[in-house]
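Open the model in your viewer and keep the selection panel at hand. The tour goes stop by stop.

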Amino acid sequence: MELAQGESPAIAGGMKKATLAGWKAFLASPAAPPSAMGAVELEGYLTGLAVVPEIVLPSIWITGLWGDEEPVFDSNEQLQEALDSVMGHYNAVIRQIDGKGKRWKPMFFTPDGAADIELCRQWVRGFWKASIFAPDTWLDLADDERTQFLVQPFTVFMDLDDIDEQLSPEEIDEIRRESAEFIPRVLSALRKLAQIRAGEETIPARPSRKVGRNEPCPCGSGKKYKRCCGLN
């Protein structure tokens with residue numbers, strides 16, 4: 001079997017039952033531009049969209065799937081199959097995070113449960129691409145001492161020259177491996193935080209208590225309500 005972009009032999013078997021069959025078929029076709037996201041990077045991208053409270057419409061983030069070049073689909077059916085595959089995996093990611101929490105193993109984990117550093121780098125690259133749709137949210141998380149730990153596991157996969165100069169390649173790999181293994185815990189926390197924030201934005205204000213006509217007016221005038229604001 002020929003592997004799709006961004007897929008390794010270690011995860012090829014597990015991907016057979018995943019929801020990305022349509023996307024992998026697209027990647028293997030002439031319609032896919034070289035800049036289109038591989039399977040691992042795509043999952044990171046979809047996960048980044050799933051853990052922020054802001055609603056980003058598919059019509060906005062779908063353009064990020066192709067990269068710098070526009071795809072040339074052979075037919076509307078091929079386009080629909082690819083997009084249905086992406087949306088199916090997006091929904092599957094949400095179900096996995098909500099259902100399994102920290103026990104969910106993203107695609108950068110090998111079948112034996114170990115985190116693959118190179119696959120995680122691809123995954124995190126997609127995750128960061130999704131962050132551009134909610135930059136203020138991620139900056140707030142990074143600036144707040146209480147939530148910095150939620151961002152840190154992703155930042156170690158960026159090119160950090162300061163760290164590279166101070167630590168050996170083996171030490172850097174170990175830091176990144178530990179961070180990769182910690183990401184599922186972070187995703188669960190980010191998802192819950194996103195749900196809380198989204199809920200706070202939609203909770204309607206409670207109606208104020210009805211003031212009795214003979215009670216002091218809440219405006220602070222000292223008059224009875226019926227002689228003050230109650231006249232309006």
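Is Ile60 buried, partly exposed or exposed? Ile60 counts as partly exposed, at 43% relative accessibility. Here buried means under 20% relative accessible area, exposed over 50%, and partly exposed in between, with a 1.4 Å probe and protein chains only.

This is a predicted model: local features need pLDDT of at least 70, side-chain atom pairs count only at pLDDT 80 or more, and totals for chains, interfaces and linings use all residues. Residues are numbered from 1 along each chain as its sequence is written, and side-chain values use heavy atoms, with hydrogens and water left out.

**Whole chain.** Show the cartoon. The chain has 10 helices and 0 strands; these are DSSP runs numbered from the N terminus (helices: H or I, at least four residues; strands: E, at least two). Of the 232 residues, 41% are buried.

Areas come from the Shrake-Rupley method with a 1.4 Å probe; for residues, only the protein chains shown count as cover. Patch members have over 30% relative accessible area and no salt bridge; like charges are joined within 9 Å, nonpolar side chains (Val, Leu, Ile, Met, Phe, Trp, Tyr) within 5 Å.

**Negative patch.** Select Glu54, Asp136, Asp140 and Asp143, which gather in a surface patch of negative charge. Asp and Glu count as negative, Lys and Arg as positive; His and the chain ends are not counted. Each charge is placed at NZ of Lys, CZ of Arg, CG of Asp or CD of Glu. Asp136 sits in helix H7 (residues 135-143) and is exposed, at 54% relative accessibility.

**Salt bridges.** The whole structure holds 6 of them; each is a side-chain nitrogen of Lys or Arg within 4 Å of a carboxyl oxygen of Asp or Glu. Pick Lys129 and Glu41: their closest N and O atoms are 2.5 Å apart. Lys129 lies in helix H6 (residues 117-131) and Glu41 in helix H3 (residues 39-50), so the pair ties together parts 88 residues apart in sequence. Glu41 is buried at 8% relative accessibility.

**Last stop.** Select Gln78 in helix H5 (residues 76-100). Gln78 is buried, at 15% relative accessibility. Leaving out residues up to four places away in sequence, Gln78 touches Ser29, Ala31 and Phe73; a contact means heavy atoms within 4.5 Å.
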